[in-house]
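Subject: A structure to look through

Hello,

I am handing over a structure that I would like you to open beside this message.

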Amino acid sequence: MPDRIQDLDRRHIWHPFSQAETGPDLPVAVKAAGAWIETADGRRILDLVSSWWVNLHGHGEPSIARAVAEQAARMEQVIFADFTHAPAAELAAGLAALLPGDLDRVFYSDDGSTAVEVALKMALQYFRLTGAPHRQRILAFDQGYHGDTVGAMSLGQSSGYFRAWQGLLFPVEIVPFPATWQGDEEVEGKEAVALAALDSALGDDVAVVIVEPLIQGAGGMRFCRPQFLRALAERAREAGALLIFDEVMTGFGRTGPLFACEHAKITPDLVCLSKGLTGGFLPMGATVAREEFCKAFAGQTLDRAFLHGHSYTANPLGCAAGLASLALLTAPECLEQRQMIARIHEERLKAFSEKYRPRALGTIAALDLAEGSYGDDSATALKQLFWDNGMLIRPLGPVVYFLPPYCVTADELNAAWDLLERALA
């Protein structure tokens with residue numbers, strides 16, 4: 001069976017972020033449970049990247065699987081422009097209860113990229129509706145990544161992922177991001193440079209400032225300090241610009257608290273969510289807006305409305321999975337697991353010198369093998385070593401990181417750190 005599936009794969013499938021010409025045949029996954037993935041040849045692989053950061057509680061988590069199955073038996077899909085349903089309403093209320101301030105209005109979409117597109121379109125329409133159509137400039141941060149659709153690519157054009165479409169992206173002004181790590185003695189100077197650049201860029205024609213709060217994910221797990229975000233938020237508010245937090249990766253407990261905006265003590269105008277939203281079971285995105293922001297779209301004519309939607313908006317199966325995942329996320333046991341992961345990360349990073357730029361926050365830990373960007377092959381051998389030892393990592397160029405599902409055990413996580421420490425000794 002594996003040979004047949006791999007043959008079909010070679011003939012018919014185009015994989016993401018891969019070079020088919022040089023890439024090996026991919027292993028056939030047949031089963032997954034907890035933090036482990038099983039392949040057709042009987043290997044068990046420890047998933048140290050939460051299957052592209054989506055899997056919060058473990059593969060095949062029984063309570064989420066039951067919720068999806070029960071919802072599928074009742075209603076699998078309904079057009080959300082003409083109906084509402086209990087899973088969507090209850091999940092929106094659950095998100096609003098957990099997010100800070102008046103982030104109370106949820107617009108559902110399909111994934112992280114579309115959640116960002118929604119936020120951008122909302123923000124630009126908001127200023128047209130409120131008598132400030134001249135506000136069209138958008139500010140984003142160096143090495144930021146917000147997804148692969150055109151608007152999201154435009155925001156992330158400095159990341160290096162989108163050179164093939166450089167002439168087709170719309171204008172976005174890029175300001176420095178003060179990336180830092182443990183023992184970084186230059187962090188205050190970098191923050192001063194970034195804030196000075198932001199001050200120069202802000203003006204009464206800026207509509208949006210968007211940032212991945214605390215951690216830039218695909219850009220290389222680049223960290224910033226909460227105080228930098230607070231200074232950024234203050235400047236954006238004073239300039240009258242809307243602040244968007246892209247929490248597609250940082251949301252749902254990854255940085256310690258449930259959301260990075262909570263960690264940083266900031267209520268942005270819009271928050272983009274996806275990845276962990278359904279616990280890794282189904283694709284879904286959400287853009288959450290402040291109540292006051294939404295009032296601008298109210299009126300008697302359709303041209304004031306936000307004319308955007310997706311065929312699977314608020315899919316009942318995804319919403320049911322999201323509700324079940326939130327129940328697990330807010331249980332004391334999940335907090336204990338996240339705290340255990342954070343403690344191990346912090347303790348094990350002590351073995352790595354500052355040349356690796358070690359850094360950890362919540363359930364995410366990272367270090368740099370060298371200078372470089374995505375596509376750099378300096379960590380290829382390390383990835384293979386982990387695979388040979390039954391562990392999955394996916395370095396971002398020279399950046400090695402652990403971002404495990406919350407069900408990982410202390411022994412499993414320490415085994416990964418042991419292997420990394422031996423490999424770099």
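The lining of the second largest pocket divides into 13 nonpolar, six polar and two charged residues, where Ala, Val, Leu, Ile, Met, Phe, Trp, Tyr, Cys and Pro count as nonpolar, Asp, Glu, Lys and Arg as charged, and the others, Gly among them, as polar. The model is a predicted one, in which local features need pLDDT of at least 70 and side-chain atom pairs count only at pLDDT 80 or more, while totals for chains, interfaces and linings use all residues. Residues are numbered from 1 along each chain as its sequence is written, and side-chain values use heavy atoms, with hydrogens and water left out.

To stay with that pocket, it holds about 600 Å³ of space, and of its 21 lining residues Val106, Phe107, Met122, Phe306 and His308 lie nearest its centre. Strand β4 (103–109), β12 and α10 (291–294) each give two or more residues to this lining, and the largest share, four residues, comes from β4. (Helices, H or I with at least four residues, and strands, E with at least two, are DSSP runs numbered from the N terminus.) A pocket is an open set of points on a 1 Å grid over the protein atoms alone, with protein on both sides within 12 Å along at least five of seven lines, whereas a cavity is a set where a 1.4 Å probe fits but cannot get out; lining residues have an atom within 4 Å of a point. Grid points are joined across faces, edges and corners, and a volume is the space filled by probe spheres set on the points.

How many cavities of 30 Å³ or more does a search of the whole structure find? The search finds one, and the largest cavity, with about 30 Å³ of space, is lined by Leu349, Ala365, Ala366, Leu367, Val400, Tyr401, Phe402, Trp417 and Leu420. These lining residues are nine nonpolar, no polar and no charged.

Leu349 also belongs to the buried residues of helix α12, among them Cys334, Arg338 and Met340, where buried means under 20% relative accessible area, exposed over 50% and partly exposed in between (1.4 Å probe, protein chains only). What covers the buried residues of α12 includes α11 (316–329), β13 (359–361), β14, β16 and α14.

Phe141 lies in strand β5 (residues 137–141) and is buried, with a relative accessible area of 1%. Leaving aside neighbours within four places in sequence, Phe141 is in contact (heavy atoms within 4.5 Å) with residues including Ser158, Phe177, Val209 and Leu232. The C-alpha atoms of Phe141 and Ile210 are separated by 7.6 Å, although the two are 69 residues apart along the chain.

Finally, most residues other than glycine have a negative phi. Trp52, however, has a positive phi of about 65 degrees; Trp52 sits in helix α2 (residues 50–53) and counts as partly exposed, at 37% relative accessibility.

Best wishes
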